[in-house]
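Please open the model in your viewer and keep the selection panel at hand. The tour below goes from one selection to the next and says what is found at each stop.

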Amino acid sequence: MVIDDLLQALRQFSPVLWQANVSLSGMSQNTFAFTSATLRSLRLEQDLQDWQETRRALEHRRVMSRRPLPAAPRLRHGTERIQTVRAPAPQIHCRDPAVHNTFMYGDMRSVYAILKEPGMVNALMEIVHEEMAWTPEMGMWTLCSKVKQTSALRLAASTGHYGCVEELLFREAEVDADPGGRTALHDACSGGHHACVKLLLEHGADPNLLSADGNAPLHLCNTAETYACTELLVSMGADVNVAQRDTCLTPLHLACRRGLEEHVELLLAHRADVTAQNREGETPLNAACAGAERPAEAVRYLGVVQRLIQAGAHAHTAGRKQHTALHNACSNCSYQIADMLLQHGAQADATNCAGYTPMDCLLQVVEDYPDQHPELIARSLLNHGAKPPFTRLLKLCLLSPATLEVMLNCYPLVPDCEDLLQKVPNELLKEHKRFFDSVRQMHGQPRTLQHLCRCSLRISLGAQCQSTINKLNIPCSLKEYLLLPIKGELQ
């Protein structure tokens, strides 16, 4: 009875096994026994078959209800090929320092071995470095891991390995890829690797592409070694007036700030705008005057200022804070630059937003630059209409007796300087004994009629003092006297 039930179940759930059982029954009657486990497996098999049939029916209904695809394009002459679109391969991420060093140092044998894997050409290089960071939750500095993203092409271009860059470009490296916010062209320009710059430009690198921090490749050509890179960029159509995203600085601003004469001349030759203003309203001329901080570099910056003025820069232009190029020149105690600005229309009595005039800026740095002849700047300012400083500011001139002499010759009467002279170092008193003795003797004494006439004439001429006196048909010695000569003593 049990065997009959099993055979009936077999016929119901699996016809194939039933046929096999019938064929075997002829060979061995009543020898094909079924257990409960066999019956369970037969039921599971039947459930699986039902599920597959249901799934196929569902897929059939979906296909029948889907909109038909548009017809394939026809080939006109039989020569065109239909372009096939392939899904891009997943990008490889590499944190192996050995691989990074291979591209940085240009080991071509190792480069060939690494590039056997095609995905390594445009792999994302992740450089992990440790740095100290402040954690407010812990109230202390902790060592944190920072990941800097780059690419093989960027690593090779940053160190100037021409062969490695050429090999990567030959293997179709993405020339304008910017992992980490910069392209290979940015890195090559920053390092002054003009051969790599030329190679990248020949392979279609965009010379006007801005980095994540808003710099174009021309902004990074800010050293003397990058002149060849600048030439290549402008010859390939780089915009010489491109502005930084945040500061609105142009390449001319940066070249002037660094005192790069050749760069300035090249940019001006390609129509760089000398009147361009950054976000603070400062012009390239203002940037050049602000950068002339070291006496050894004064000649270079003077050449830059000359070229800018010849190209049409305005010496009197002020920024948002009303700070002019003359303010910066006086703050750096640059006599030749200040004198040139005054000759080309700079206002000697201009005040910035803080109320400081160029004379005020000069007096604040006399003690810092006593060997840079601040007296010449003071005399030039006074000869172009600057007002004499208040007597309480004369204490700022104690370390420069020549500057103090120029200032005292602007007053009709020598003010009381006894308290000031007590602060003069003894070495300086001995070195300039004649001058300081004359100051003590002239205190409270009336000045000569000639001196009073000089003061009156200078006040009436104002800003035209120097230009008008130079045109007078009078002896040269008298002209020199009217323009405040430095004699080493008060007369």
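This is a predicted model: local features need pLDDT of at least 70, side-chain atom pairs count only at pLDDT 80 or more; totals for chains, interfaces and linings use all residues.

Residues are numbered from 1 along each chain as its sequence is written, and side-chain values use heavy atoms, with hydrogens and water left out.

**Helices α7 and α9**

Two packed helices are described by the angle between their axes and the distance between the axes. Select residues 162-170, helix α7, together with residues 194-202, helix α9, whose axes come within 10 Å and cross at roughly 10°. Helices here are DSSP runs (H or I, at least four residues), numbered from the N terminus, and axes are lines fitted to C-alpha atoms over the stretch in contact, with angles running from 0 to 180 degrees between N-to-C directions. The two helices α7 and α9 are therefore roughly parallel to each other, a term that covers angles under 35 degrees. The crossing of α7 past α9 is right-handed, meaning that the near helix is turned clockwise from the far one by less than a right angle. Now show the side chains of Y162, V165, E166 and L169 in α7, which meet A195, C196, L199 and L200 in α9; contact means heavy atoms within 4.5 Å. This contact of α7 with α9 has seven nonpolar residues, no polar ones and one charged, where Ala, Val, Leu, Ile, Met, Phe, Trp, Tyr, Cys and Pro count as nonpolar, Asp, Glu, Lys and Arg as charged, and the others, Gly among them, as polar.

**Helices α9 and α10**

From α9, the residues H194, V197, K198 and L201 meet A228, C229, L232 and L233 of α10.

**Helices α14 and α16**

Next select residues 298-310, helix α14, and residues 335-343, helix α16, with axes that come within 9 Å and cross at roughly 15°. Here α14 passes α16 in a right-handed crossing. On the α14 side the contact is made by Y301, L302, V305, Q306 and I309, and on the α16 side by Q336, I337, M340 and L341.

**The cavity**

How many cavities of 30 Å³ or more does the structure hold? The structure holds one, a cavity being a set of points on a 1 Å grid over the protein atoms alone where a 1.4 Å probe fits but cannot get out, with lining residues having an atom within 4 Å of a point. The volume of the largest cavity is about 30 Å³, a volume being the space filled by probe spheres set on the points, which are joined across faces, edges and corners. To see its lining, select L218, C221, T230, P251, A255, H263 and L267.

**The second largest pocket**

Finally, go to the second largest pocket, which has a volume of about 300 Å³; a pocket is an open set of points with protein on both sides within 12 Å along at least five of seven lines. Of the 15 residues that line this pocket, select A386, K387, P388, R458 and I459, which are the closest to its centre.

Methods:
Angles under 35 degrees count as roughly parallel, over 145 as roughly antiparallel, 65 to 115 as roughly perpendicular and the rest as oblique.
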